[in-house]
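Welcome to this guided tour. Open the structure in your viewer, keep the selection tool at hand, and follow along stop by stop.

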Amino acid sequence: MSRAWPGLGMGTWHMGERAAARSAEVAALRLGLELGMNLVDTAEMYGEGGAESVVGEAIAGRRDEVVVVSKFYPHHADRRKLLAACDASLRQLRIETLDLYLLHWRGPVPLAETVATLEELVARGKIRRWGVSNFDVADMEELVAVPGGENVAANQVLYNLARRGIEFDLLPWCEKRGIRVMAYSPLDEGRLTRHPAVADVAARMHVPPAQVALAWLLHRPGLIVIPKASSLAHVRDNRSAADVVLDAETLALLDRTFPPPHRKRPLEMV
Ligand code: NAP
């Protein structure tokens with residue numbers, strides 16, 4: 001079954017690292033799913049399988065409602081290790097098929113080998129689509145030039161009000177080709193919720209600061225935004241961001257504090 005990818009999902013970095021936090025993390029993800037944030041982003045790296053296991057528990061019984069995204073290490077990107085890594089992720093997640101599987105960042109394995117293996121995983125029904133993460137324009141150009149590379153479905157990159165470099169070239173490059181951009185660290189790892197300019201706008205609009213930062217991203221059609229929240233209150237706040245509309249005056253004000261790029265900036269990563 002193919003599912004539409006929603007614009008607002010949930011991240012899971014730092015989940016699955018501490019047993020004491022597990023039930024709260026599962027509850028946060030379940031609440032998000034109930035509220036309609038039905039895309040979950042995880043990675044084999046997060047808690048070394050721990051976050052995938054938390055996600056597995058959270059989505060149990062509702063697999064068909066959720067778009068599940070995971071990522072593999074660059075040092076697992078050769079054929080033998082990638083087939084094993086995918087099986088390990090599916091086991092942790094307790095699912096048969098990943099909706100989207102991403103190369104976490106570029107590494108030493110030739111892209112042609114990784115892409116051929118990802119296409120093999122699609123053919124075997126282990127993944128529905130595949131993509132990359134932390135790829136700048138030059139990396140994307142190389143990727144689409146290898147056999148099967150044009151099937152790349154998504155590029156997950158750092159993008160938020162304070163990190164707007166991709167607007168200069170990478171974002172339009174991907175949009176033109178129908179490659180979905182996933183904005184990671186949309187709250188700049190929480191920092192934007194404490195930024196005075198964001199707080200000012202939020203106070204005027206009577207919404208929490210996180211909603212300003214997320215609504216700013218969500219006004220861009222096609223973007224997938226994946227805030228991570230482990231508290232129920234934060235999950236509720238983040239879901240409500242989808243209902244917040246920033247008017248032209250507010251967008252202009254934010255542009256003054258967080259100017260768009262006027263020249264190429266190398267892709268930043270966390
Ligand atoms: P983020 O989502 O920008 O920020 C997360 C931080 O913000 C947490 O400390 C969280 O606290 C806090 N927060 C969440 N909602 C809030 C709210 N409504 N009000 C105030 N604070 C709030 O950072 P991130 O986790 O780095 O990025 C999101 C996801 O993107 C990750 O979890 C991961 O799935 C993905 N990611 C991918 C890459 C990559 O290389 N591909 C890199 C980084 C991240 P609580 O947890 O206490 O609620």
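Start by selecting serine 185 together with the ligand: an N or O atom in the serine 185 side chain is 2.8 Å from an oxygen atom of the ligand. That is a polar contact, meaning a pair of N or O atoms within 3.5 Å; within protein, one must be able to donate a hydrogen and the other to accept it, and residues adjacent in sequence count only if both atoms are side-chain atoms. The model is predicted: local features need pLDDT of at least 70 and side-chain atom pairs count only at pLDDT 80 or more, while totals for chains, interfaces and linings use all residues. Residues are numbered from 1 along each chain as its sequence is written, and side-chain values use heavy atoms, with hydrogens and water left out.

Next, pick aspartate 41, where a polar side-chain atom lies 2.6 Å from an oxygen atom of the ligand. Then go to leucine 187 and show its backbone: an N or O atom there lies 2.8 Å from a ligand oxygen atom. On its own the ligand has 900 Å² of accessible area, and the protein covers 87% of it (areas come from the Shrake-Rupley method with a 1.4 Å probe; for residues, only the protein chains shown count as cover).

Where does the ligand sit? Its place is the largest pocket (more than half of its atoms lie within 2 Å of the pocket's grid points). A pocket is an open set of points on a 1 Å grid over the protein atoms alone, with protein on both sides within 12 Å along at least five of seven lines; a cavity is a set where a 1.4 Å probe fits but cannot get out, and lining residues have an atom within 4 Å of a point. Select Trp13, Ser185, Pro186, Glu189 and Lys228, which lie nearest the centre of this pocket among its 30 lining residues.

For the last stop, select Gly165, Ile166, Pro266, Leu267 and Glu268, the residues nearest the centre of the largest cavity, which has 13 lining residues. By class, that lining has five nonpolar, one polar and seven charged residues.

Conventions. Ala, Val, Leu, Ile, Met, Phe, Trp, Tyr, Cys and Pro count as nonpolar, Asp, Glu, Lys and Arg as charged, and the others, Gly among them, as polar.
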